[in-house]
Amino acid sequence: MHSENHEIDDRLFRNAMGCFATGVTVITTKIEEDIFGMTANAFMSVSLNPKLVAISIGKNAKMHEHVKVSKQFAINILSTNQQNESKQFAGQLVAESNITFASFKNVPILEDTVAVVTCELHSEYIVGDHTIFIGKVTGVKMNQGEPLLFSQGKYRELKELERE
Ligand code: FAD
């Protein structure tokens with residue numbers, strides 16, 4: 001009841017937060033001709049009218065600066081066959097593969113995702129060691145496929161439950 005924030009173990013906090021299952025996105029942006037991507041699951045839809053979404057990026061991530069400079073980004077919602085892309089854009093692959101980007105609304109996007117949302121930077125909020133970037137939606141695109149999931153540190157896929 002009275003426990004201070006600093007008494008909560010970081011690992012316990014991360015493990016507990018990992019119980020909240022999410023999809024997986026790669027945030028992409030470009031600065032002049034240079035394209036950058038970063039894996040992120042801290043994404044949510046915020047507002048319908050106007051259409052706004054939020055992503056949360058750690059201050060130490062290079063993408064943090066890239067988004068501030070470019071003021072536009074895409075949220076690529078990965079499909080079940082894009083585990084490698086998730087690992088690549090999280091810096092977890094030893095041998096990186098060559099990624100081909102497409103372009104949508106003048107923002108680089110990944111191919112074969114389940115959906116893509118492009119945004120202009122609307123506002124940003126510094127919150128602890130992260131910044132929450134709010135994006136004003138400029139474009140939406142959907143493809144066939146099932147979303148890749150991430151939960152308790154593992155990649156997973158959806159399974160429909162039996163109706164009761
Ligand atoms: P870098 O470390 O420079 O880039 C990350 C990787 O992407 C590098 O390996 C780089 O080679 C590759 N890459 C970048 N651009 C290209 C390109 N054009 N072509 C090919 N490869 C490229 N962090 C957060 O801040 N917020 C989150 O919500 C979040 N969610 C995550 C969810 C999951 C499931 C995972 C695995 C990680 C998550 N992370 C999150 C951590 C984040 O993905 C890593 O810390 C990441 O390495 C930070 O990237 P960076 O911007 O510092 O750039």
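Colleague: Which backbone oxygen lies 2.6 Å from a polar atom of the side chain of Thr-29?

Modeller: It is the backbone oxygen of Gln-72. A polar contact is a pair of N or O atoms within 3.5 Å; within protein, one must be able to donate a hydrogen and the other to accept it, and residues adjacent in sequence count only if both atoms are side-chain atoms. Please note that this is a predicted model, in which local features need pLDDT of at least 70, side-chain atom pairs count only at pLDDT 80 or more, and totals for chains, interfaces and linings use all residues. Residues are numbered from 1 along each chain as its sequence is written, and side-chain values use heavy atoms, with hydrogens and water left out.

Colleague: Is Thr-29 buried or exposed?

Modeller: Buried means under 20% relative accessible area, exposed over 50%, and partly exposed in between (1.4 Å probe, protein chains only). Thr-29 has a relative accessible area of 0% and is therefore buried. This residue lies in strand β2; helices (H or I, at least four residues) and strands (E, at least two) are DSSP runs, numbered from the N terminus. Contact means heavy atoms within 4.5 Å. Leaving aside neighbours within four places in sequence, the contacts of Thr-29 include Met-63, His-66 and Ser-70.

Colleague: Which residues of helix α2 are buried?

Modeller: An α-helix has 3.6 residues a turn, so residues three or four places apart point the same way. In α2 (residues 62-70), the buried residues are Met-63, His-64, His-66, Val-67 and Ser-70. Seen down the helix axis, they fall within an arc of 170 degrees and so line one face of α2; the arc is that of the directions from the axis to the C-beta atoms. These buried residues pack against β2 (25-31), β3 (34-40), β5 (52-58), β6 (72-77), β9 (115-127) and β10 (130-142). After α2 comes Lys-71, with a positive phi near 60 degrees.

Colleague: What is the order of the strands in the open sheet of three?

Modeller: Strands of a sheet pair through backbone hydrogen bonds, either parallel or antiparallel. Here the order is β1-β11-β12, with antiparallel pairing; two strands pair if DSSP finds at least two bridges between them. β1 (22-23) and β12 (154-156) stand at the edges with a single partner strand each, so one side of each is left without a neighbour in the sheet. Two bridges join β1 to β11 (residues 149-151), and Gly-23 has Leu-149 as its bridge partner in β11.
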